[in-house]
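This briefing goes with the structure shown below. Please keep the view open while reading, and find each residue as it comes up.

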Amino acid sequence: PYAAHLCSNRYHGISYNEEDIIESSSSESDSGNNNNEAWTTTINSTTTLDSGKFCSDRAYPIHVACANEHCPNSIIELLAWSNPSALGHLCILENYGIYTDCVNEDHVEGVPLHYYFSRPSNMELDTVKMLIEAHPDSLMVSGDEVECYPFHVLVANSSVGTTCCDIVEYLVRFHPSCLQCTDVYDQIPLHVACYQSHMTAHIIRLLVEGWPDSVRQFDCNESWPIHHLCESQGLDDEEVKLNILKILVDSDPGTLRAWNGGHYSLPIHIAARYQCPAFNKILVDEYPSSLRVGERQGGNLPLHLACEYGSLDTVKYLHEADPQSIFAMNKCGLHTLHMTMSTRGGYQAEVT
């Protein structure tokens, strides 16, 4: 069909004039050729469009249009109102990943809104409003066994902090229920956001203010959003990471006393492994006695973990903050010096 040919121009390198396309499509509509079949493409798993292959047994042109950042938003609007029911249809488009930053899934089923939120660029608020207005339930549709919702996809998008703030603000204000959606790992959007390398403090503040209880939600590993942030190593801007941490702590200081699953760790235990001294200092200033709290499984103090996994600067800070912890033993009878000897950091001699 003409619409599928148009929407997949990314593969074919087609150049076109948007006005001509709209005029041509409108002419077809005026002549009575405006039924769903004219806008629907049925493609099996063996059919390819150049490098792109549809592995769903049925996909609509609007799925491709929403996934393709080069397709004009006006074409998406034309397709949406031509066949609104397609906005609730789940399908898989290869070469267009959904939610791959958050889960180990190459391909996840999605409705057009999933694919639109996975675009690397060219997302517009007016188009988002139109897609939701045309099919209000699409915002609450999850994809297959991963059960990710469109808002999960949006916060995992690397462009969310730079070009999509207005979209996040709109969804938080007018569709706050999407803040409480959980994926197959019981992660809400705030969990996902706290683990992203592209995240901004502004987005985190919007999510927290939109649903204050979100900071106290735990996933299937019993990890709270602050645990995810303490583990995140992708965010290079330390100032941004510190600002995000302050937002979470200010919202509920009690999260610093939250144990997660796994090693049954507090946030300070995780931060000692992965974060800089300034990050750890915020946690210690709010909960000083955490320096002498051991993990429930291994009994490791924060200094034990910093000596084995963390940076030299973090080791120095934690030692200065609690000099006596250097003599503490974990449940295996190991001192911090033992942990230093097994470090992967390569700074054993200097720490000793």
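The model is predicted. Its chain has 352 residues, of which 52% count as buried. The secondary structure comes to 20 helices and two strands.

**The chain as a whole**

- The accessible surface of the chain comes to about 15,300 Å². Carbon and sulfur atoms account for 47% of that surface.
- Take the contacts between residues at least 6 apart in sequence: 68% of them join residues at least 24 apart.

- Side chains of opposite charge can pair when their charged atoms come close.
- A search of the whole structure finds four salt bridges.
- One of the salt bridges joins Asp-213 to Arg-216, with 2.2 Å between the closest N and O atoms.
- Asp-213 has a relative accessible area of 35% and is partly exposed. Arg-216 is also partly exposed, at 34%.
- Arg-216 also forms a salt bridge with Asp-252, at 3.0 Å from N to O. This pair links distant parts of the chain, since the two residues are 36 residues apart. Arg-216 lies in the loop between helix H12 (201-210) and helix H13 (225-231), while Asp-252 lies in the loop between helix H14 (238-251) and helix H15 (267-274).
- Is Asp-252 buried or exposed? Its relative accessibility is 15%, and the cut-off for buried is under 20%, so Asp-252 counts as buried.

**A salt bridge between two further loops**

- Arg-292 and Asp-322 meet through their side chains in a salt bridge, at 3.3 Å from N to O. This pair, too, links distant parts of the chain, 30 residues apart. Arg-292 is in the loop between helix H16 (277-286) and helix H17 (302-309), and Asp-322 is in the loop between helix H18 (312-321) and helix H19 (336-341).
- Arg-292 is partly exposed, with a relative accessible area of 47%. Asp-322 counts as buried, because its relative accessibility is 11%.

- Glu-77 counts as partly exposed, because its relative accessibility is 40%.

**Helix H16**

- The buried residues in H16 are Phe-279, Asn-280, Ile-282, Leu-283 and Val-284.
- Which helices do the buried residues of H16 pack against? They pack against H13, H14, H15 and H18.
- An α-helix has 3.6 residues a turn, so residues three or four places apart point the same way.

**Ser-223 in its loop**

- Where does Ser-223 lie? Its place is the loop between H12 and H13.
- Ser-223 counts as buried, because its relative accessibility is 11%.
- Apart from neighbours within four places in sequence, Ser-223 is in contact with His-191, Gln-217, Phe-218, His-228 and Asn-260.

Technical notes:
Residues numbered from 1 in each chain as written. Predicted model: local features only at pLDDT ≥ 70, side-chain atom pairs only at ≥ 80, totals over all residues. Heavy atoms only, no water. Buried < 20%, exposed > 50% of the residue type's maximum accessible area, 1.4 Å probe, protein only. Helix = DSSP H or I, 4+ residues; strand = E, 2+ residues; numbered from the N terminus. Contact = heavy atoms within 4.5 Å. Areas by Shrake-Rupley, 256 points an atom, 1.4 Å probe, with all protein chains shown as cover.
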